[in-house]
Amino acid sequence: MTATEDDRQYEARVLGEAEAWRERQLRRPGLWDMTTRAAQDRINKIIPERVHQIVTSGVELTTRGVMAGAEWTTAKPLLHGDLRTREDLIRTRIDLYRTTASAEGGVAGAGGFLLAAADFPALLAIKVKLLAEIGALYGHSGKSLAERLYLLRIFQLAFSSARHRPEALAALEAAGRGLHQPERIQDFDWRRFQLEYRDYIDLAKLAQLIPVIGAPVGAVVNWRLTTRLATTAMNAYRLRWFEDEHLT
């Protein structure tokens with residue numbers, strides 16, 4: 001079997017995976033999703049407003065700061081290489097960031113409320129940096145506003161509720177085509193962004209505040225959240241890769 005045939009088989013397999021992933025984003029909320037959403041609403045009413053303010057401020061300010069920082073989002077794009085080579089490199093980077101996020105979550109979980117609260121912006125920074133590196137390895141530069149908005153749309157989709165995923169997917173696909181995007185990053189809907197993100201991770205993160213179990217919970221949760229983001233990013237960029245290939 002030649003390398004070309006092998007590459008074609010690989011691309012056919014990952015295209016199938018990406019298309020199946022896209023279909024899952026369009027599914028209606030199931031019973032579990034609706035139950036979780038109801039539980040989240042009840043928890044939001046119980047959590048002190050000060051905690052909400054810390055999380056909200058941390059999400060927005062950290063994301064905007066990271067996206068504005070050239071050293072975070074301008075990894076040199078890989079301009080040459082087949083899809084398999086790129087994704088082998090991407091998986092290596094995912095493993096590194098996932099391990100880093102897990103370690104950070106464990107330390108934060110062992111440190112009580114203050115460190116657990118600080119874990120939100122710290123984990124956010126890790127995730128955005130990972131997204132930028134994944135985008136660069138697929139050949140996209142984070143220097144342009146369009147690509148930074150695309151990263152934000154990936155993030156938004158990864159942590160949207162089942163109810164909002166179809167809308168988030170449509171916004172992501174529009175961003176990939178350069179359609180219907182804000183002219184400045186400040187004009188992005190940051191409130192919607194941070195509310196969806198916060199609500200998605202609140203249930204998982206609350207247990208991190210509990211003494212004794214906070215450290216292992218923090219490590220596992222951060223590992224899973226980073227994995228979810230990486231999976232969303234890879235499939236989004238895969239679909240974009242094949243769409244761009246079809247157009248050229």
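In what order do the elements of the chain run from the N terminus on? They run α-α-α-α-α-α-α-α-α-α. The chain has ten helices and zero strands. Helices (H or I, at least four residues) and strands (E, at least two) are DSSP runs, numbered from the N terminus. The model is predicted, with local features needing pLDDT of at least 70 and side-chain atom pairs counting only at pLDDT 80 or more, while totals for chains, interfaces and linings use all residues. Residues are numbered from 1 along each chain as its sequence is written, and side-chain values use heavy atoms, leaving out hydrogens and water.

The pLDDT is the predictor's confidence in each residue, from 0 to 100. Its mean over the chain is 79, and 72% of the residues reach 70 or more. Helix H4 (residues 70-73) has the lowest confidence, at a mean of 54. Helix H8 has the highest, at 94.

Of its 248 residues, 47% are buried. Buried means under 20% relative accessible area, exposed over 50%, and partly exposed in between (1.4 Å probe, protein chains only). The chain exposes about 12700 Å², and carbon and sulfur atoms supply 59% of that area. Accessible areas come from the Shrake-Rupley method with a 1.4 Å probe; for residues, only the protein chains shown count as cover. Among contacts (heavy atoms within 4.5 Å) with a separation of 6 or more, 84% join residues 24 or more positions apart.

The largest nonpolar core holds 49 residues. Such a core is a set of buried Ala, Val, Leu, Ile, Met, Phe, Trp, Tyr and Cys residues joined through side-chain atoms within 4.5 Å. Ile-134, Ile-154 and Phe-155 touch the most other members. Helices H1 (3-25), H5 (83-110), H6 (112-137), H7 (145-158), H8 (165-176), H9 (190-206) and H10 (214-247) each supply at least two residues of this core. The largest share, eleven residues, comes from H10. Neighbours within four places in sequence aside, Ile-134 is in contact with Ile-90, Ile-94, Ala-230, Ala-233 and Tyr-237.

Gly-135 is placed in helix H6. With a relative accessible area of 2%, Gly-135 is buried. Beyond its neighbours within four places in sequence, Gly-135 is in contact with His-140 and Tyr-237. Its C-alpha is 8.7 Å from that of Met-234, a residue 99 positions away in sequence.

Aromatic residues form a further set of links. A pair of aromatic rings is described by the distance of the centres and the angle of the planes. Rings of Phe, Tyr and Trp (its six-membered ring) pair if their centres lie within 6.5 Å; planes under 30 degrees apart count as stacked, over 60 as edge-to-face and the rest as tilted. The structure holds nine such pairs. Tyr-150 and Tyr-237 form one that is edge-to-face, at 5.2 Å centre to centre and 65 degrees between the planes. This pair links distant parts of the chain: Tyr-150 in helix H7 and Tyr-237 in helix H10 are 87 residues apart. Both Tyr-150 and Tyr-237 are buried. The charged end of Arg-240 sits over the ring of Tyr-150, 4.3 Å from its centre. A charge sits over a ring if NZ of Lys or CZ of Arg is within 6 Å of the ring centre and within 35 degrees of the ring normal. One aromatic cluster is formed by Phe-155, Phe-159, Phe-188, Trp-190, Phe-193 and Tyr-197.

Ser-102 lies in helix H5. Ser-102 is buried, with a relative accessible area of 15%. Leaving aside neighbours within four places in sequence, Ser-102 is in contact with Ala-219, Asn-222 and Trp-223. Thr-231, in helix H10, is partly exposed at a relative accessible area of 37%. Asp-7 sits in helix H1 and is partly exposed, at 25% relative accessibility. Asp-7 and Asp-82 are 75 residues apart in sequence, and 7.8 Å apart C-alpha to C-alpha.

His-180 lies in the loop between H8 and H9. His-180 is exposed, with a relative accessible area of 72%. Most residues other than glycine have a negative phi. Phi of His-180 is positive, near 55 degrees.
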